Amino acid sequence: MMDEINLYMERIISLTGLTGDYVPVVRYAFWVVLAFVLAWLAGKLCRMWIVPLLMKITSKTDAKWDDVIFSEKVLVSASRIIPAIVIWSLLPLVFFEYPKVAEVVGRLTAIYFTVMLTRTIIVFIDSFKEIDHGTRTSRQQYIYSICGVLKILMLFIAAIVVISIVIDKDPSTLIAGLGAASAILMLAFQDTIKGLVAGIRLASNDMLHIGDWITVPSAGANGKVEEITLTTVKVRNFDNTIVTVSPQALVDGSFQNWQGMLQNEGRKQVRQVYFDFRSLKIDDDGVANITKFRSHIEDWLKAQEQVVADKPVLVRQAEFSQAGCCVEIMFWLKAQNALDYEHDTSNIMEYIFAKSADFGLRIYQQFPEQ
């Protein structure tokens, strides 16, 4: 059948005036161009018709996950595999007279197919992070971390397959050969492996989420978490600088997560004030001036609007020291953001400092030697 088609094509080409060896060359070039045009058209039609059709079908379902997983980005990426399938199907027809050329084109097509398939799978995996709309539960974040591992695994497998195609070897042979070099690979990628394990620990133990306010003194991080991957945690500081911290540093070291404080009403404040022992006195009723001072400050704090009413307010006598008689003040402020919190704390402490003089108390301070 193919021979008859080729003879018919050569007759048509001869009518153009070409003769001799030019006829089979032109015929061969025609089939090559036709094959690539058909491959291009197949991919184009898939993107123009099949992709919109599938998107229309998924949009009519009640579920939302299919709109994300089978999004336009995923379907368009999958449509780029179609040309490789068309070329692969036409190889025996187009290059049957030139087996060496068919072999080279076949390998290039296989490499293209592997790359596009891997790209589609990675885009498919990435689409999962759009399901949570930026807010992940512990389970969702754990799945997201696993997806990161799958992406790395897919890239590794794709690299093995491409190399095996280039050198014309069985992929299983290359994988078996890597077993002997596994110790070297683990040594070379030990930081990456540790980062992966630390990222999974952060996710599985529900230690960190996107949007959490954290402070990492060792890394100079003090702000909101913007992105969490298996190898990095991106933090936007309150001055809009970006700090990248490795998950391993968070797991092995220490960091402070303020989210628990933000999710609960009130922010605890504990302060100490030291008074000179020589200013403590007893009145006619036998009550110490510092006792009256503590009672007044406690009642005053409970009446303040910026103090949480249903949280404990305590003004107590703490352990004294060489700095004087210590009075410890504990209260909870309603302010959550840093600016209001600092202002409210300053206003309260400044009142306490100033009011102590009305009770005859003198705040302890050391004067420099003259």
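Buried means under 20% relative accessible area, exposed means over 50%, and partly exposed is anything in between, using a 1.4 Å probe and counting protein chains only. With that in hand, take Arg 107: its relative accessible area is 26%, so it counts as partly exposed.

Before going further, some ground rules. This is a predicted model, where local features need pLDDT of at least 70 and side-chain atom pairs count only at pLDDT 80 or more, while totals for chains, interfaces and linings use all residues. Residues are numbered from 1 along each chain as its sequence is written, and side-chain values use heavy atoms, with hydrogens and water left out.

## The overall picture

The chain has 14 helices and eight strands. Both are DSSP runs numbered from the N terminus: helices are H or I with at least four residues, strands are E with at least two. Of the 370 residues in the chain, 34% are buried. The accessible surface comes to about 22,800 Å², and carbon and sulfur atoms own 62% of that. Accessible areas like this one come from the Shrake-Rupley method with a 1.4 Å probe; for residues, only the protein chains shown count as cover.

What about contacts, meaning heavy atoms within 4.5 Å? Among the contacts with a separation of 6 or more, 62% are between residues 24 or more positions apart.

## Salt bridges

How many salt bridges does the structure hold? There are 10, each one a side-chain nitrogen of Lys or Arg within 4 Å of a carboxyl oxygen of Asp or Glu. Here are three of them.

| Pair | N to O distance | Relative accessible area |
|---|---|---|
| Arg 107 and Asp 168 | 3.2 Å | Arg 107: 26%; Asp 168: 52% |
| Arg 278 and Asp 276 | 3.0 Å | Arg 278: 65%; Asp 276: 9% |
| Glu 328 and Arg 316 | 2.9 Å | Glu 328: 16%; Arg 316: 35% |

Back to Arg 107, whose side chain meets Asp 168 in a salt bridge. Arg 107 lies in helix α6 and Asp 168 in the loop between α7 (138-167) and α8 (171-178), so the pair ties together parts that are 61 residues apart in sequence. Glu 103 joins in too: Glu 103, Arg 107 and Asp 168 are linked in a network of salt bridges.

The side chains of Glu 328 and Arg 316 also meet in a salt bridge. This pair links distant parts of the chain, with Glu 328 in strand β8 (residues 325-333) and Arg 316 in strand β7 (residues 314-317), 12 residues apart.

## Looking around the helices

Helix α6 spans residues 99-126 and includes Thr 120. Is Thr 120 buried or exposed? Thr 120 is buried, because its relative accessible area is 9%. Its side chain makes a polar contact of 3.0 Å with the side chain of Ser 77. (A polar contact is a pair of N or O atoms within 3.5 Å; within protein, one must be able to donate a hydrogen and the other to accept it, and residues adjacent in sequence count only if both atoms are side-chain atoms.) Leaving aside neighbours within four places in sequence, Thr 120 is in contact with Val 74, Ser 77, Ala 78 and Ile 81.

Ser 79 sits in helix α4 (residues 72-79) and is buried at 1% relative accessibility. Not counting residues up to four places away in sequence, Ser 79 touches Gly 43, Cys 46 and Arg 47.

Trp 49, in helix α2 (residues 22-59), is exposed at 58%. Trp 49 is one of the residues in a nonpolar surface patch, along with others including Val 33, Trp 40 and Ile 57, and together the patch has about 1,100 Å² of accessible area. Patches are made of residues with over 30% relative accessible area and no salt bridge: like charges are joined within 9 Å, and nonpolar side chains (Val, Leu, Ile, Met, Phe, Trp, Tyr) within 5 Å.

## A sheet of five strands

Now for an open sheet with antiparallel pairing and the strand order β4-β3-β2-β1-β5. Two strands pair if DSSP finds at least two bridges between them. The edge strands, β4 (242-245) and β5 (256-257), each pair on one side only.

Four bridges join β3 (residues 233-237) to β4, and Val 233 has Val 245 as its bridge partner in β4.

Asn 240 is in the loop between β3 and β4. Asn 240 has a positive phi of about 70 degrees although it is not a glycine, and it is exposed at 54%.

Key. Contact means heavy atoms within 4.5 Å.
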